[in-house]
Amino acid sequence: MQAENETELREELLQVREAHRSLDEEIVGLETAGAADQLHIKRLKKQKLALKDRITSIEDRLTPDIIA
């Protein structure tokens with residue numbers, strides 16, 4: 001992997017992790033308030049799951065394959 005590409009992936013990983021963390025905080029806040037629209041919370045959770053999948057994908061690309 002080229003260093004430039006790796007740097008870009010690491011930067012994207014940081015951004016996606018921050019977005020994931022922000023969504024988590026928003027979901028917790030809405031659930032704690034109790035007056036939130038359940039459909040809205042469900043959509044936020046789907047977005048959070050998509051971000052988690054993206055995080056896993058980036059981490060897999062950054063981690064070299066090791067044949068054991």
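Trainee: Why is H20 called buried in this predicted model?

Mentor: The relative accessible area of H20 is 18%, and the word buried is used for values under 20%, so H20 is counted as buried. This residue is found in helix α1, and, leaving aside residues up to four places away in sequence, H20 touches K48, L51, K52 and I55.

Trainee: What makes I55 count as buried?

Mentor: For I55 the relative accessibility is 5%, and since buried means under 20%, I55 counts as buried. I55 lies in helix α2, and, not counting residues up to four places away in sequence, I55 touches L13, V16, R17 and H20.

Trainee: Which residues of α1 are buried, and what covers them?

Mentor: The buried residues of α1 are L9, L13, V16, H20, L23 and I27, and what covers them includes α2, which runs over residues 38-62. In α2, the buried residues are I41, L44, L51, I55, I58 and L62, and what covers these includes α1.

Trainee: What makes the pair R10 and E6 a salt bridge?

Mentor: The closest N and O atoms of R10 and E6 are 2.9 Å apart, and the cut-off for a salt bridge is 4 Å between a side-chain nitrogen of Lys or Arg and a carboxyl oxygen of Asp or Glu, so the pair qualifies. Both R10 and E6 lie in helix α1, four residues apart, which is about one turn of the helix. As a general point, an α-helix has 3.6 residues a turn, so residues three or four places apart point the same way.

Trainee: Which residue forms a salt bridge with E12, and what does the pair tie together?

Mentor: E12 forms a salt bridge with R54, the closest N and O atoms being 2.6 Å apart. E12 lies in helix α1 and R54 in helix α2, so this pair ties together parts that are 42 residues apart in sequence. E12 is partly exposed because its relative accessible area is 27%, and R54 is partly exposed with 29%.

Trainee: Why is the pair K45 and E31 called a salt bridge?

Mentor: The closest N and O atoms of K45 and E31 are 3.0 Å apart, and this is within the 4 Å cut-off, so the name applies. Because K45 lies in helix α2 and E31 in helix α1, the pair ties together parts that are 14 residues apart in sequence. K45 has 43% relative accessibility and so counts as partly exposed, and E31, at 42%, also counts as partly exposed.

Notes:
Residues are numbered from 1 along each chain as its sequence is written. This is a predicted model: local features need pLDDT of at least 70, side-chain atom pairs count only at pLDDT 80 or more; totals for chains, interfaces and linings use all residues. Side-chain values use heavy atoms; hydrogens and water are left out. Buried means under 20% relative accessible area, exposed over 50%, partly exposed in between (1.4 Å probe, protein chains only). Helices (H or I, at least four residues) and strands (E, at least two) are DSSP runs, numbered from the N terminus. Contact means heavy atoms within 4.5 Å.
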